[in-house]
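Colleague: I would like a close look at a single residue and what surrounds it. Please take one part and stay with it.

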Amino acid sequence: MHKVSCEAARDRDIVIYLESLGILPQKIRGNSYWYLSPLRIEKTASFKIDRKLNRWYDFGLGQGGNLIDFGTLYFRCSVSDFLSGLSNGSTSFPGPDLAIATIPDTRIKISNTKPLSHPALLHYISSRKIAHSLAFQYCNEVDFDIGNKKYFAIGFVNKLGGYELRNKFFKGSNSPKTVTWFKTGNVRLSVFEGFFDFLSFLSLQPTTVSNNDFLVLNSLAFFEGATEEILHYDEVHLYLDNNPAGKNCTSSAIERNSKFQDRSFLYTGFEDLNDFLCKGHRFPDGLKDMPEKPP
């Protein structure tokens, strides 16, 4: 792997780099490219790139500089991590540690939680076709450490206070890891593997919140342990993934008890509910009156 030097990184076109992040200018005047700031929330573009000089300046922050200055602020990472990401061949990758999808949860230490605000996380939420208002309601922004390095992610809390952690480059969780319940006393329960599927369902069927309780497993491994509590409900709708593990879990549940209903037929041909939503599909009208399985 060829390591990108500081000099080479500083020379990279910032306009092209922002485009790789999905960040496009609001207006262009000669060499001046104006953006809604990627570093904070704003409604009027005050983030400027002088393309001739290849430098940026955020008038709201009163800060500016070269690509390295931007990258370390945007990803909240060190210069070394940012350069490592560029060396890995990705224009937007903050550092190799975030590529590790399975980090032992004991290594992840939560340092702070707060309402979602970082533009990188909000952009990722939008890329998953989830409304920011839904994410604000059910998720937090979580700062966490792995060893001596600091990161941040969308956090979805479970019933014991642990977090599922997601950003564009990272999928993990801290300890304790378990399920997440939303109980309001309904007789019907809807069950999902992950929180993006749960949020996708609420995006597709916002009116069902009042007549469903919800369970997000955060891992199929927790299904068996939650079964006794699940069977307190009169109906259990399973919205599990369309992969062998999800299908096997659904089949086993249905064989065990007639309360379980497979609802994955609604997104047949797609990996999961979020994939279905991201591809631009919607549930058919009158879903609440649809049969429990396809005709």
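Modeller: Take R166: leaving aside neighbours within four places in sequence, R166 is in contact (heavy atoms within 4.5 Å) with L121, Y124, A153, I154, K171, G172, F195 and F196. This is a predicted model, in which local features need pLDDT of at least 70 and side-chain atom pairs count only at pLDDT 80 or more, while totals for chains, interfaces and linings use all residues. Residues are numbered from 1 along each chain as its sequence is written, and side-chain values use heavy atoms, with hydrogens and water left out.

R166 lies in strand β9, residues 163–167; strands here are DSSP runs of E, at least two residues long, and helices are runs of H or I of at least four, both numbered from the N terminus. With a relative accessible area of 13%, R166 is buried. Buried means under 20% relative accessible area, exposed over 50% and partly exposed in between, using a 1.4 Å probe and protein chains only.

Two of the partners of the R166 side chain can be given with distances. The side chain of E164 makes a polar contact of 3.3 Å with that of R166. Such a contact is a pair of N or O atoms within 3.5 Å; within protein, one must be able to donate a hydrogen and the other to accept it, and residues adjacent in sequence count only if both atoms are side-chain atoms. The R166 side chain also reaches the backbone oxygen of G172, at 3.1 Å.

For another arginine, look at R107, which sits in the loop between α4 (79–87) and β6 (108–114). R107 is partly exposed, at 42% relative accessibility.
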